[in-house]
Structure formats: C-alpha cells, structure tokens
Amino acid sequence: MGTKPRYNTAARMNASWCIATVAVGLLTLGQYYHSADGARILAMMPIAAKSHWNVVDSVLQTLVARGHQVTAITPFPKKSPITNYTEVDMSGLVPSGVAVPWDTVMGECSAHNNLPFLSGRHKDMCRTVYEHDEFWRVIKTNKFDLFITELLASSCDAYVSYYLKIPQIVIVSSHVHTWYHHTFGSHMNPAVVSTYHASFAVPTNFIQRMINTYDYLYSHMVFKWVDRESTAIGRKYFGSDAPDADTLMKNSSLVFVNGHYTVDLTKPLLPNFVNIGGIHLVQPKPLPRDIEQYINDSPNGVIFFTLGSVILLETAPAYLQKAFVEGLREIPQRVLWKYDVPNIENLPLNVKVGKWFPQRDILEHKNVKLFISHGGMSGIYEAIDSGIPVLGIPLFFDQSHNIANIAYWGAGIMLDHRTLTKDKFVNAIKEMITNYDKYKLKAMELSKRFKDRPKTPKEEVIYWTEYVIKHKGAHHLKTAALKLSWYQYFLIDILITFVLIVLVSLSIIIYLFKAIKNLFCNLSKQKKE
C-alpha cells in the first residue's frame, strides 16, 4: 500500500502567499493602466520648423511605443507607416522653415520681430488646420482622451481641447518662453532669471538687469497685442460663445519643457512644468565608413561645424563666409562642415563639406575636439550628452541664451556673427583647442550632471501624460494665481490700500496735532488776558 506524499506546510503557505501577491499586483497594475494605457491622443504641430518637430515628435513616438494611439496634425509626415500612429498631412499647406535665405530669416527673426513673426505663423497654421476638411472629419469621428500641442506664440490651438472637452498638454521645444509666464501664473523675477532673448545666462550687473526687465515687460506686452486675434479665430470656427483664447490656454494641464536645470540654471517653476531636455536623443549608430575614416586619420582631431537647417548658408553675407573659409584654412584640425552646396570657392584642403552629416554619431567620436554651432537646442543637448566643448555663433531666437548657458558653465565660447572676422574666429578656435583639457573637463562635468536623473525624459513623458489622463486633467497641479488678475497677483491693490491707510493715518495725526496745538495756543492767550 503506497504512502501519501508529505508536503511542507510552510512551503505551501509561501507558495500561496506568492500567488496572492502576484495576483494583487496584476490587479493593481490593471487598475492603474485602465484609465491611461491605450489612450487616444490628438496632437497638432503649429509651425513647420524641423527642430521644433524633433522635440514634439520624440514625445509622440514615446507615447506610441508605450501603446497609446496618436493622431498627429503635422507638416512632417513619416516615410513609412507606424503602428498606432496616424497623420493628417499638412506639408503642402504651410510654408517650410527649412533652407530659408539669410536676409529673410534675419528680418523675420530679429529680437523685436520674432514674436510677431512666430505668432503670425502659429495663427496661420490654426486657420489652415481649421479650414481643412480632414481635421474636422478626424475630430468628429473619433473620441480622444488628450490633446497635445506646442507652446509657441499663440493660444489659437487651445480651442481644439475646448471643443473636444479633453485635457491639454503643451510642449515647449526650448526653455520656457518669457511671454507665457503670465498665462500659467509662473512669473519669473527678471533680476535673477534671464529672458528668452537674453544673451547672458543670468543677469550679473545693473545694465543686464535693466535689459532683462525691459525684455520681460516687452515680451508680455507684445504677446498680448499680437495674440488678440486668436480669440477671433477660435470663435469663428468653434462658436461665438467660446471663451477667450488666453483663458483656454490657462486651462492647460501640463507643460513639457525641453530644458533641464543642469544646463539652463534653476528656476522657480510650478509642479506642472516638467523638464524633458534631451528627449530627442537616441543611441549613437556606427558612422558611415568614409566619415569614420576621415575622422580617424586626422592626427590633430576633427571639428564639426554646422549652423543648422533653417538658414541657407550660401546666402549668408560675404564677410561671414569669407571669415569661415579663410579662418578654417589656418587651423591644423580637419573640419566637417555642413554646407548647402558642395562647391565652395577656395575651399581649404582640411575641410570636407556636405549637405547633411550624422551629427549625433559624429559628436560621439573620441577624436572630435570641438563643435561649432548656432546654438539650436537639439545640437546643444547632443554636444552636452557627448561632452563636447561648443564654440557658439548664435543667429536668432533663443540661440544666444543657449550658448550663454554653455559659456556660463565653462564648456564653450560665444561669438557675435554681426562683428565676426577671420581673426576673431581663428583666435576662438585656437583658444579652445590650446586649452582643450580645461573646456573638455567642464563639458564632461556638465554632461555628467545632465545625465544624472531619477527618470529619463521618456519616462517623465510617459508618467506625467498618463497621470494627466488618469486624474482627468490633473488640475490640482495648477497654481491658484490663475484665479487672480494681474493687479491682485502683484499685490497692487494691497499696496494701494496700505498707502491709503498710511496717508489717512498721517492726515489724522497731523489734524490732531494741529488741533491740540491750536487748543494750547488759545489757552495760553486766555491766561495772558
């Protein structure tokens, strides 16, 4: 007769406990993702600028990879289909922001004109989208859980989330635009926080604080003026009873900022401002054989030189192109120069030009010594991530500020393109190459701090996007300052009240003093009589 097998009671209990724990964990996980996982997200790109799209698209593709369904209204369609990603192609309906003549860019993007220019482009995009039949078909035949747009220079796109009655997340492709601080109740003190246009990382003297304060006030006033048309646009397409555009933009749940305090210095940002600087960074790939060979065979190292994709560099002023060509001839390093045309007159033998180079992969090569850049955020973060010193020649928008930050941390130098000469160009390169160890050390320190985060930018995007959806807009993250008028926020009414109290009190005291004085004078006269 067989004996019954003996089971260890403790083992049975442990197994039961493990099964129960796993089951509870799975149920909890299921509850967590029930309201957020597989969400339907509508996104809109308000300007045909590739560098801006790189940031916005990186956010969208992160959410697509997570399993969310994204529909993007964009002027940058994909070359091949992506699962869970649908497009409304606007590429043939809006002007391109790539390879634009120098004079056009410099005229439209000057410090005093760039906000009206950006606002105009933004509002044109809103009109174009709202006139597009495919846009209305998409929003009327689909149910969405979230709307994502870029925070640029108009609030006209906020009417989409209003119409769909869903939360809205906005993305800033650079550091936070000065003119939007009031909209989100996140005013910055211009005595310590540099504005969007500032050519210094932080104001350090009276003149810089004066310039910073002027630009802070100017940006807010100009934005209020140029964006007044957004309400008319919104009410034309979404109903005459729709709220004003600024009110709708204030209702945004969250702001993703393509910045990080290790680079752009610390700011007193609200909890619904989330830094995702470097979101576009990808794993470097092996270089094409010819480029790798070119870099490897350079005994003095290689300099990578690009002024971005917006400006058609061949249309730059003759003095500038001459300074570049003659200056590069005088240095011993090889140079990879992104240039729009292959034939440059008197091109130095140490320079290789191309319409496009794999910038991210080149900057990762150990023999690359210096990055000469216009200061676009994408390239700046690639240089920081790779620990490469930067020689900056900013051209427009926030580029001066971006390069100023690099210089502030000791990882670069900034030159002014308006006064650039061959000698200044060569001297700056020689300074950074001669003192390479100093600049490289600072660049590596900056890179180390930039990478040292509790969550990656993609993890931040996933967590906070799902948080907003799960908590129905997460409006508890927003400041109570949004309920105040400007004079209440700055305590103008309180200050006026205090002044009135002091004046009334002084008047009463003076009145009483005079009355007592007169009384004593009268008593004195009576005694003498």
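Let's start with Phe 305, which is buried, with a relative accessible area of 0%; buried here means under 20% relative accessible area, exposed over 50% and partly exposed in between, with a 1.4 Å probe and protein chains only. A word on the model, everyone: it is predicted, so local features need pLDDT of at least 70 and side-chain atom pairs count only at pLDDT 80 or more, while totals for chains, interfaces and linings use all residues. Residues are numbered from 1 along each chain as its sequence is written, and side-chain values use heavy atoms, leaving out hydrogens and water.

Back to our phenylalanine and its partner. The ring centres of Phe 305 and Phe 324 are 5.0 Å apart and the planes stand at 80 degrees, so this is an edge-to-face pair. For the terms: rings of Phe, Tyr and Trp (its six-membered ring) pair if their centres lie within 6.5 Å, and planes under 30 degrees apart are stacked, over 60 edge-to-face, the rest tilted. Phe 305 sits in strand β8 (residues 302–306) and Phe 324 in helix α12 (residues 318–329), so the pair ties together parts 19 residues apart in sequence. Those elements are DSSP runs numbered from the N terminus: helices are H or I with at least four residues, strands E with at least two. Phe 324 is also buried, at 1%.

Now, how many aromatic pairs does a search of the whole structure find? It finds 31. Another of them joins Tyr 130 and Phe 238, with centres 4.9 Å apart and planes at 90 degrees, so it is edge-to-face. Tyr 130 is in helix α4 (residues 114–130) and Phe 238 in helix α8 (residues 229–238), so here the linked parts are 108 residues apart in sequence. Tyr 130 is buried at 2%, and Phe 238 at 9%. Ring pairs link both into a cluster whose members include Phe 135, Trp 136 and Tyr 237.

Tyr 130 turns up again in the largest nonpolar core, which has 121 residues; Tyr 130, Trp 337, Leu 391 and Phe 425 have the most contacts inside it. Such a core is a set of buried Ala, Val, Leu, Ile, Met, Phe, Trp, Tyr and Cys residues joined through side-chain atoms within 4.5 Å. Domain 1 (40–280 + 456–483) and domain 2 (289–451) both give residues to this core, so it lies between them; the bounds come from an automatic or database domain assignment. Apart from this core lies another, of 27 residues, including Phe 304 and Ile 380.
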